[in-house]
Amino acid sequence: MESLTTSQILEENRKANELLNNGEYEEAEPLLRQAVERTKEQNNAETFMWMRRLSECQVELGKFKESEIMARDAARALNIKFGQNDEDTLDCKLLHGESLYMLRKIPEAGPIIASTLEGLDSNLKRGPEHVNTMKCRALHARILKFTDPAQASEIAEHLKLVLDRPIMTQGRRVTPQELRGADKVKQILGDMLNVQRKPRDGKQPEAKESIQTVSTEAPEDADELQVA
């Protein structure tokens, strides 16, 4: 690898993040690969951050075999370093589970998605209405559709109510990546958004008034995210 100065590395890293956040995945991928390669010997939080971002990019490019390996390795390393309930560990587990799902490895994806959802729900930096948690819940619903369609429909209906609410931005403008993050939840749910299920008690489930997002999210522009 060509030797770069510190300023060149910083600029390349900035460009990689900018491209990723703008949804320019083809252009971002080689820069993210270089960042992973540069930091792999460090084997620290920075390394795992770049691994996570590269796996996000690979998911959006449909490179699920690569993203499955990258996200799995990052999740394992983060789990050892920071624990299973750390938000970065959980975000990588989500990417791992999504990759397995897209590879049609449903029996493997199911337990990972279920345990990740439990962790995201209780994590103070994520929580039930965070967009990553909602992505995970949408994947959980798609998997449950095979074994418990009634519960899957209930989850999808609740997510639809949340998605119909405005995104919480604390007075600032909604960013393109935040909008793509919400769109990704809808894309995962797919035709489940059109299924109307009558609630057991005759009442509509309550939804919080907003969707929480993070600027580091690398949202979607991928193909249909559902199995036949």
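Over which residues does pLDDT stay under 50? That stretch is residues 204–228. A quick reminder: pLDDT is the predictor's confidence in each residue, from 0 to 100. The model still has 100 contacts beyond four places in sequence for this stretch; a contact means heavy atoms within 4.5 Å. Where pLDDT is low, the predicted coordinates should not be read in detail.

Some ground rules. This is a predicted model, where local features need pLDDT of at least 70, side-chain atom pairs count only at pLDDT 80 or more, and totals for chains, interfaces and linings use all residues. Residues are numbered from 1 along each chain as its sequence is written, and side-chain values use heavy atoms, with hydrogens and water left out.

Now the whole protein. Mean pLDDT is 85, and 82% of residues reach 70 or more. Among the elements, helix H5 has the highest mean pLDDT, at 98. Helix H9, residues 176–189, has the lowest, at 86.

The secondary structure is nine helices and zero strands. Helices here are DSSP runs of H or I, at least four residues; strands are runs of E, at least two; both are numbered from the N terminus. Of the 228 residues, 51% count as buried. Buried means under 20% relative accessible area, exposed over 50%, partly exposed in between, with a 1.4 Å probe and protein chains only.

The axes of H2 (residues 25–39) and H3 (residues 45–60) come within 9 Å and cross at roughly 155 degrees. Axes are lines fitted to C-alpha atoms, for helices over the stretch in contact, and angles run from 0 to 180 degrees between N-to-C directions. That makes H2 roughly antiparallel to H3. The cut-offs: under 35 degrees is roughly parallel, over 145 roughly antiparallel, 65 to 115 roughly perpendicular, and the rest oblique. Who meets whom? On the H2 side, the residues include Leu 32 and Val 36; on the H3 side, they include Trp 50 and Leu 54.

Thr 89 sits in helix H5, residues 87–102. Is Thr 89 buried or exposed? Buried, at 1% relative accessibility. Not counting residues up to four places away in sequence, Thr 89 touches Ala 75, Leu 78, Asn 79, Gly 83 and Gln 84.

Gly 127 lies in the loop between H6 (106–122) and H7 (131–144). Gly 127 is buried too, with a relative accessible area of 8%. Beyond its neighbours within four places in sequence, Gly 127 contacts Leu 120, Asp 121 and Thr 133.
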